[in-house]
Every structure is written in structure tokens, then in C-alpha cells.
Amino acid sequence: MRDRDSKLRRRVAWEAARLMYFREETEYYRAKLKAARRVYGPDVRPGDLPSNREIREQIESVARAFEGEKRVQKLGEMRLEALRMMRLLREFRPRLVGSTLTGHVRRGSDIDIHVFSDSVEAVRLTLEQAGLPHEVIRKRVVKHGEERTYTHIHVSGQFEFELTVYPTELVNYRFKSSITGKPMERASIEELEKLLAREHPQLMVEVGSTNPQEMVVDRFRIYESLLLPLEKVKEDPRYHPEGDVLYHSLQVFDCAREESPYDEEFLLAALLHDVGKAIDPKDHVKAGLEALEGFITERTAWLIEHHMEAQGILDGTIGARARRRLEASEDFDTLILLAKCDRAGRRVGVKVPDLEEVFDYIRSLECDFQ
């Protein structure tokens with residue numbers, strides 16, 4: 001009897017896998033319930049239903065049976081396209097998830113990527129500038145009596161993409177897989193590059209020769225997407241009576257412009273030094289530098305990296321060894337000037353330029369010195 005039940009359970013898993021592979025059903029529960037009724041009849045017990053993991057394994061078998069070696073080739077191509085998309089969306093700290101990462105692709109599978117931004121519009125603008133057709137879809141889901149709204153961006157192309165937009169505060173949150181119930185597998189850009197090199201070495205030439213023109217992103221849109229969420233970040237009024245972090249950042253920029261109006265790298269450090277506070281308040285310097293990687297110079301990055309230590313120099317609380325290390329840099333005086341501007345940018349009610357005015361000013365510096 002036990003052997004018979006095991007065979008019937010495998011039949012249910014196979015039938016459910018077939019239903020999902022051919023897109024007759026898209027959800028695991030509906031697929032296995034329909035399959036169980038076909039195998040057992042109308043009286044289906046919960047114990048008769050295979051797990052999602054069992055069905056996924058059978059989907060693999062169905063895919064191999066119908067696609068053969070083409071499936072391996074398709075998986076590599078999907079991973080390559082995922083890498084290109086993730087490079088385009090780098091500032092939103094993308095993570096590849098789902099079947100393209102695990103390798104459980106089937107006919108009609110899309111590429112699932114999580115992106116992290118407090119502005120859906122910023123993600124959409126990046127796609128628009130790259131000429132990628134897309135559609136924003138908001139889906140309401142009720143689970144355990146709690147209603148949640150998920151924002152998806154569907155992108156059309158050689159393969160279909162589903163980008164799920166989460167708040168930046170969830171970038172380090174480990175989502176659970178609906179299939180295994182365990183923390184979801186996910187991969188960063190660097191991790192996906194290693195996966196391609198290991199499992200699809202024949203595609204590495206294509207990875208290395210990705211057309212840089214396809215990846216051109218307006219850096220000012222990156223800055224904007226990182227700065228706008230700061231308007232919602234409030235700090236301890238004992239130290240920052242001025243209000244939100246965006247207002248503070250604009251004050252610091254204005255002060256820096258008065259002190260050194262033609263030093264673009266210094267001005268950008270003043271403007272962007274706190275962008276990480278909307279990503280990871282516990283380590284805003286590291287978070288900000290990761291988000292800005294590739295969009296600022298080494299000098300600007302150095303100034304941002306050490307701006308908190310510079311406050312310690314002004315307070316006299318930093319150690320002698322750390323001070324000597326900073327003093328060894330030719331940009332030490334600029335760092336101290338940044339710290340002074342940082343402190344000056346804590347006034348209540350002063351007028352500050354808006355972001356477009358700030359960006360126009362920095363763009364004018366580009367034109368003056370080209």
C-alpha cells in the first residue's frame with residue numbers, strides 16, 4: 001500500500017509539473033490540486049499532495065524530456081541577459097532570484113530580479129533611458145490575514161523580466177522561498193559573473209564584450225535616485241535640528257560651493273556624503289559608497305569614506321595614528337573643509353537650492369573644463 005501511494009504521489013507530481021511546464025497552470029497549489037484530482041478522483045487528502053520541491057524536480061525532468069540540450073543553452077542565455085540587466089540597474093543593488101539562478105527554467109520562464117529603491121520612478125527612468133519597453137504593475141496579496149502590495153516592473157525583450165521593487169531598507173533582508181520555505185537563493189552582479197564563468201564558460205566572451213553603449217546611465221539620475229529618499233530620513237534633533245537629511249545635504253553643498261566653487265569632486269562629496277542613510281543607517285558610509293560605485297571618482301569616494309573621521313578630528317576625539325594616516329593624504333585639508341561644511345549645514349529654515357539647480361551647476365563645471 002505504501003509503495004502504491006508513493007507511485008501515485010509521483011504521478012501527481014509529474015502531472016502537476018506537466019501542467020506548469022505547458023502553462024496550463026502557473027501556481028503550484030492549483031497545479032497539484034488539479035493533478036491530484038485527475039489521479040485520485042474528487043476525494044483528495046492533503047497528504048496526497050506532493051511538495052513544491054517535488055514538483056519542481058519533476059519540472060526539470062519534463063524540461064529535459066522536451067527540450068534536451070537546448071535547455072542548457074537557453075539557461076546560459078537567460079543568465080547572460082540577467083547580467084546585462086543587472087549591470088544597467090547597478091545603483092539599485094539588484095539580486096537575481098528564481099529559476100534563472102537555480103537553473104530550474106522551463107518553457108515560458110521569465111527572469112526574476114529584486115531591485116531596491118524608495119523610488120519606483122527612478123527605476124523606471126533608468127529603463128526608459130535605455131529604451132526598454134516596460135510596464136509597472138502593483139499586485140495586492142492577502143496572506144495570513146495581512147494585505148501587502150508588491151510593485152513589479154515587467155520588461156519586454158528577448159526574454160521577459162519581472163523586476164520586483166523593494167524599499168532600500170530591505171536590501172539585506174533574506175526573503176523566504178515559496179518552494180522550499182528556506183531563505184531564497186539570490187545572486188549579486190559579482191556572484192552571477194562567477195556563476196557564468198563556472199557553468200557557462202563559452203559565454204564569457206560575450207560577458208566581457210558587453211557593449212558599453214548599452215549600459216550608459218546618466219549619473220545625475222543615479223544621484224537623484226539616492227538623494228530623494230533622504231527627504232524621509234529624520235535624525236536626532238539634538239544634533240540635526242535642521243530636519244531631514246536631504247535638506248542637510250543641500251545645505252552642505254551650498255556651503256561647499258561658497259568655499260570651493262570649481263572643485264566638482266569636492267562638491268559631489270558634500271552633496272552625496274550621507275546618501276547611505278536611506279539604505280543602511282547603521283553603516284551609512286559603506287552603504288553609500290557601494291551604491292555610488294562607478295559613478296564617482298576615487299577622490300570623491302575617499303572624501304566620503306573619511307568624512308566621519310574628519311568630525312573626530314574637529315572634536316579632538318580621533319587617535320593620533322588615525323590622524324597621521326589621514327594627514328598623509330594630499331586631500332587632508334579638503335577633508336577638513338568638508339567636515340566644517342558638514343557642521344555648517346545644520347541650520348533651521350535657511351534657503352537651499354533644489355536638486356535640479358544643483359545638478360545644472362555641476363553640469364556647467366563639466367562644460368567649463370572639457
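Visitor: What makes R363 count as lying over the face of F220?

Guide: R363 lies over the face of F220, at 4.3 Å from the ring centre. The cut-off for such a charge is 6 Å from the ring centre, and 4.3 Å falls within it. The model is predicted, and the distance comes from its atoms.

Visitor: Which residue lies over the face of Y361?

Guide: R257 does, at 4.8 Å from the ring centre. That value is also within the 6 Å limit.

Visitor: Why is the pair of F253 and Y361 called edge-to-face?

Guide: By the rule for ring pairs, the count comes to six aromatic pairs. One of them joins F253 and Y361, with 6.5 Å centre to centre and 80° between the planes.

Visitor: What does the pair of F253 and Y361 tie together?

Guide: F253 lies in helix 10 (residues 245-259) and Y361 in helix 17 (residues 355-369), so the pair ties together parts that are 108 residues apart in sequence. Both F253 and Y361 are buried.

Visitor: Why is the pair of Y166 and F175 called tilted?

Guide: The planes of Y166 and F175 are 35° apart, and the centres 4.4 Å. Stacked needs under 30 degrees and edge-to-face over 60, so 35° leaves tilted. Both Y166 and F175 are buried. They also belong to one aromatic cluster with F116 and Y173.

Visitor: How do you know that T151 is buried?

Guide: T151 has 12% relative accessibility. Buried means under 20%, so T151 counts as buried. The place of T151 is in strand 4 (residues 146-155). Leaving aside its neighbours within four places in sequence, T151 is in contact with V120, V136, I137, R138, L163, T164 and V165.

Visitor: What makes strand 2 largely enclosed by the rest of the structure?

Guide: Six of the six residues of strand 2 (residues 111-116) are buried, so the strand is largely enclosed. I111, I113 and V115 point one way, D112, H114 and F116 the other way, and all are buried.

Visitor: How do you know that strand 1 and strand 2 pair?

Guide: Pairing needs at least two bridges, and strand 1 (residues 95-97) makes three with strand 2, in the antiparallel sense. R95 stands opposite H114 there. Strand 2 is also joined to strand 5 (residues 161-166) by six bridges, and these two run parallel. In strand 5, T164 stands opposite H114.

Visitor: Why is helix 13 called largely enclosed?

Guide: Six of the eight residues of helix 13 (residues 298-305) are buried, so it is largely enclosed by the rest of the structure. The buried ones are R299, T300, A301, W302, L303 and I304. Their cover includes helix 11 (264-272), helix 12 (284-292), helix 14 (307-315), helix 15 (320-327) and helix 16 (332-344).

Visitor: How many cavities of 30 Å³ or more are there?

Guide: The count comes to one. The largest cavity has a volume of about 100 Å³, which is over the 30 Å³ cut-off. It is lined by 13 residues, of which F116, T168, S225, L226 and I279 lie nearest its centre.

Technical notes
Residues are numbered from 1 along each chain as its sequence is written. This is a predicted model: local features need pLDDT of at least 70, side-chain atom pairs count only at pLDDT 80 or more; totals for chains, interfaces and linings use all residues. Side-chain values use heavy atoms; hydrogens and water are left out. Buried means under 20% relative accessible area, exposed over 50%, partly exposed in between (1.4 Å probe, protein chains only). Helices (H or I, at least four residues) and strands (E, at least two) are DSSP runs, numbered from the N terminus. Contact means heavy atoms within 4.5 Å. A charge sits over a ring if NZ of Lys or CZ of Arg is within 6 Å of the ring centre and within 35 degrees of the ring normal. On a 1 Å grid over the protein atoms alone, a cavity is a set of points where a 1.4 Å probe fits but cannot get out, and a pocket is an open set with protein on both sides within 12 Å along at least five of seven lines; lining residues have an atom within 4 Å of a point. Grid points are joined across faces, edges and corners, and a volume is the space filled by probe spheres set on the points.
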